[in-house]
Amino acid sequence: MRVLVTGAAGFLGSHLVDRLLARGDEVVGLDNGSTGRWENLRPHANLRILEGDACDPLSVDGPLEGIVHMASPASPADFARMPLEILRANSIGTERCLQLAMERGARMVFASTSEVYGDPAVSPQAEAYWGNVNPVGPRSPYDESKRFGEAMAMAYHRLHGLSVGIARYFNTFGPRMRADDGRAVPTLIHQALRGEPLTIQGTGEQTRSFGYVDDTIEGTLLLLDSPLVGPVNIGSEEELTVLTLAKTILVATGSASEIVHVPAPQDDPRQRKPDLTRARRELGFEPRVSLEDGLSRTIEWMRESNGDRAQALA
C-alpha cells in the first residue's frame with residue numbers, strides 16, 4: 001500500500017510510520033511540527049516527508065490506497081494552549097483527508113479517542129455508549145472535535161460510500177511521548193527519574209486503562225486493512241487507579257520520590273475501561289503488552305541518551 005499519515009512526526013504517527021515501512025508499505029508523512037518531533041522519523045527509501053498542515057488543501061502526488069488522520073494536539077496541556085488548532089485539526093483537517101480519500105479511492109482511518117465518552121456513566125465503555133461530555137468545558141476542544149470528526153467520517157461513508165474506519169484509542173503510552181505533555185505516564189516517569197514529587201491530580205482514585213503503543217498501532221493496522229467502519233475501541237482492559245500507576249512507576253524506576261496530591265482539573269473522567277468485544281470479534285485484536293512491560297520499555301527510553309532523556313525533553 002501507499003499510505004498518507006497525518007501527524008506523522010508525533011507520538012502515535014511516528015510509530016505507525018515505522019510499522020507501515022517495516023511491512024513493506026510506502027508512506028507519505030505529513031506534519032506541521034507543532035507538537036511532533038522530526039527526529040521521530042528516521043530516513044527510509046519508502047518514506048516521503050511533507051511539512052505542512054492537514055487543514056490546508058492536501059496535495060499528494062501519486063496513488064494512495066490508505067489515509068490515517070492522526071494530526072491533532074492530544075495532551076491535556078494542549079487543551080488550554082492550542083484549543084483552536086485542535087478544533088481545526090479534527091474538523092477541517094478531517095474533511096481535507098476525507099476529500100482526498102474520495103479523489104484517490106483510498107480507505108480513510110480517523111484516529112479518535114476514548115475522550116468521546118467524556119466522564120462515562122457506564123463501565124466498561126462499549127462503542128454503542130453515547131458518552132457524557134461537557135460541550136463547553138475546558139476539555140471540549142478535544143472531546144467535541146473528535147466527536148465531530150467521527151460524524152464527518154460517517155457522513156462521507158453514508159453519503160458517498162467512502163471506506164472509512166474510526167478507531168477510539170484508550171490512554172496509549174510508550175516511547176516518544178513528550179515528557180511535558182501533561183499525560184499521566186510520561187509526567188510521572190519524568191518526575192520519578194528526576195527525584196521530584198509525583199503529582200497526582202485529585203484523590204488518585206480515578207481509573208484509566210493504559211495501553212502500550214505497539215498494541216494501539218497493531219489495532220490501527222488491523223482496522224486499516226479491514227472493511228470495518230466502527231467505531232471500534234483500541235486499548236487495554238487492564239484498569240487501575242492513577243495512584244496505583246504512580247506506585248508502580250516508583251517501584252519500576254527505583255525512585256524514592258514522594259507522592260503529592262494537586263487539585264483535579266475540571267471534567268476529569270472518573271473511570272475509563274474499554275469494552276473490546278467488537279475489536280476482538282471484527283478485527284481479531286488482542287492487547288499483548290502488559291502494563292509492567294510497557295512501563296519498563298518507556299522508562300528505558302526516557303533514561304537513554306545523555307543519561308536521562310526525560311530531562312533532555314523538558
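Contact means that heavy atoms lie within 4.5 Å. The structure treated in these exercises is a predicted model.

**Exercise 1.** Determine where Asp25 is placed and whether this residue is buried or exposed.

*Solution.* Asp25 belongs to the loop that joins helix H1 (11–22) to strand S2 (26–31). Its relative accessible area is 6%. Buried means under 20%, so Asp25 is buried. Apart from neighbours within four places in sequence, Asp25 is in contact with Met1, Leu20 and Asn46. For Met1, the backbone nitrogen lies 3.0 Å from a polar atom of the Asp25 side chain.

**Exercise 2.** Check the span of helix H4 (residues 140–160) against its number of residues, and state what covers its buried residues.

*Solution.* Helix H4 has 21 residues and, at 1.5 Å a residue, should span 30 Å. The C-alpha atoms at its ends are 29 Å apart, which agrees with that expectation. The buried residues of H4 include Tyr142, Met152, Ala153 and Tyr156. Among the elements covering the buried residues of H4 are helix H2 (76–81), helix H3 (83–104), strand S5 (107–113) and strand S6 (164–169). After H4 comes Gly161, with a positive phi near 70°.

**Exercise 3.** Describe how helix H7 (residues 242–253) and helix H9 (residues 291–303) cross.

*Solution.* The axes of H7 and H9 come within 11 Å and cross at roughly 60°. The two helices, H7 and H9, are therefore oblique to each other. Their crossing is right-handed. On the H7 side, Leu245, Thr248, Ile249, Ala252 and Thr253 take part, and they meet Leu295, Ile299 and Arg303 of H9.

How values were computed
Residues are numbered from 1 along each chain as its sequence is written. This is a predicted model: local features need pLDDT of at least 70, side-chain atom pairs count only at pLDDT 80 or more; totals for chains, interfaces and linings use all residues. Side-chain values use heavy atoms; hydrogens and water are left out. Helices (H or I, at least four residues) and strands (E, at least two) are DSSP runs, numbered from the N terminus. Buried means under 20% relative accessible area, exposed over 50%, partly exposed in between (1.4 Å probe, protein chains only). A polar contact is a pair of N or O atoms within 3.5 Å; within protein, one must be able to donate a hydrogen and the other to accept it, and residues adjacent in sequence count only if both atoms are side-chain atoms. The expected span of a helix is 1.5 Å times one less than its number of residues. Axes are lines fitted to C-alpha atoms, for helices over the stretch in contact, and angles run from 0 to 180 degrees between N-to-C directions. Angles under 35 degrees count as roughly parallel, over 145 as roughly antiparallel, 65 to 115 as roughly perpendicular and the rest as oblique. A crossing is left-handed if the near helix is turned anticlockwise from the far one by less than a right angle, and right-handed if clockwise.
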